[in-house]
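Student: I would like to learn how to read helix packing and pockets from a set of coordinates. Could we work through one example?

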Amino acid sequence: MTLLVVTGTGTEVGKTVVTAALAALAHDRGHAVAVVKPAQTGVRPDELGDVDLVAGLAGIRDVHELARYPDPLAPAAAARRAGRPAVDLDGLAARIGKLATDRDLVLVEGAGGLLVRYDDNGATLADLARLLAAPVLVVTTAGLGALNATALTLEALAHRGLDLAGVVIGSWPREPDLACRSNLTDLTDLAGRPLAGALPAGAALLGRPEFLATARQALEPALGGTFRAQQFRERHPV
């Protein structure tokens, strides 16, 4: 049994696509994999959420959205505005722990960034990772702004004694500019380890077989793929 928390340096950085890639690779290897979204915000009851995208891309059915709030806000604020209870992180940790007893891998995709609030007491995804004793995979952007946001996220992880599973670029542009190419070196320096992967922009629009092949090329061997950070950097010189 393995637990992995997926967070981002902010919203719309590619967390869901990276989560789907991890799930697709694990499922392809014959592993029992579940995906959990503790709180989905900004989606109405009749709309598809992040776990539906993961299920479609990865070809799995074992997906769990544990709370949904219609407004596109942090979970605590969205729950407050909807007049509904906020997510109970202790209860959530217990539910995820129960799922993990008979799965090979449980992926937990957060909302927004690492320190986004899930309740009015200030509970965050970092607190959930601590309760689960789970490593955290950080998804970041490719270009300008990525370094500061990534550094702050990594500092917050280290301050809380959480294990870093790696840094992945959630959407690598087809024509990367100077900042994107330069960041490949600096992100490695920030993390103190090679980049763990880079998903190409538009990956979410691929069919399932093409997405699986893309996921394999875009994530490092420790995450089930064949991505090599040094080779990727050599293909994108500054």
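Tutor: Start with a pair of helices in contact: L89, D90, L92, A93 and I96 in α4 meet D127, L128, L131 and L132 in α5. By class, that contact holds seven nonpolar residues, no polar ones and two charged ones. Keep in mind that this is a predicted model.

Student: Beyond the residue list, what describes the geometry of such a pair?

Tutor: Two packed helices are described by the angle between their axes and the distance between those axes. Here, helix α4 (residues 89–100) and helix α5 (residues 125–132) have axes that come within 10 Å and cross at roughly 45 degrees. α4 and α5 are therefore oblique to each other. Their crossing is right-handed.

Student: At what angle do α1 and α2 pack, and how far apart are their axes?

Tutor: The angle between α1 and α2 is about 40 degrees, and the axes are 8 Å apart. Angles under 35 degrees count as roughly parallel, so α1 and α2 are classed as oblique to each other. The crossing of α1 and α2 is right-handed. On the α1 side the contact uses T16, T19, A20, A23, A24 and H27, and on the α2 side D50, L53, V54, L57 and A58. Seven of the residues in this contact of α1 with α2 are nonpolar, three are polar and one is charged.

Student: Are α1 and α8 oblique or roughly perpendicular to each other?

Tutor: The axes of α1 and helix α8 (residues 208–218) are 9 Å apart, at an angle of about 100 degrees. α1 and α8 are therefore roughly perpendicular to each other. From α1 the contact takes V17, A20, A21, A24, L25 and D28, and from α8 it takes F211, L212, A215 and R216. The classes in the contact of α1 with α8 are eight nonpolar, no polar and two charged.

Student: Which elements each supply at least two residues of the lining of the largest pocket?

Tutor: They are α1 (15–28), β3 (40–41), α2 (50–58), β6 (105–113) and β8 (164–172). β6 gives the most, with four residues. Sorted by class, the lining of the largest pocket has 14 nonpolar, 10 polar and five charged residues.

Student: How much space lies in the second largest pocket?

Tutor: The second largest pocket holds about 210 Å³. It is lined by 16 residues, of which T2, L4, L105, A222 and L223 are the closest to its centre. Two or more lining residues come from each of β1 (2–8), α1 and β6.

Student: Which element gives the most to the lining of the second largest pocket, and how does that lining divide by class?

Tutor: β1 gives the most, with three residues. The lining of the second largest pocket has 10 nonpolar, three polar and three charged residues.

Note on methods:
Residues are numbered from 1 along each chain as its sequence is written. This is a predicted model: local features need pLDDT of at least 70, side-chain atom pairs count only at pLDDT 80 or more; totals for chains, interfaces and linings use all residues. Side-chain values use heavy atoms; hydrogens and water are left out. Ala, Val, Leu, Ile, Met, Phe, Trp, Tyr, Cys and Pro count as nonpolar, Asp, Glu, Lys and Arg as charged, and the others, Gly among them, as polar. On a 1 Å grid over the protein atoms alone, a cavity is a set of points where a 1.4 Å probe fits but cannot get out, and a pocket is an open set with protein on both sides within 12 Å along at least five of seven lines; lining residues have an atom within 4 Å of a point. Grid points are joined across faces, edges and corners, and a volume is the space filled by probe spheres set on the points. Axes are lines fitted to C-alpha atoms, for helices over the stretch in contact, and angles run from 0 to 180 degrees between N-to-C directions. Angles under 35 degrees count as roughly parallel, over 145 as roughly antiparallel, 65 to 115 as roughly perpendicular and the rest as oblique. A crossing is left-handed if the near helix is turned anticlockwise from the far one by less than a right angle, and right-handed if clockwise. Contact means heavy atoms within 4.5 Å.
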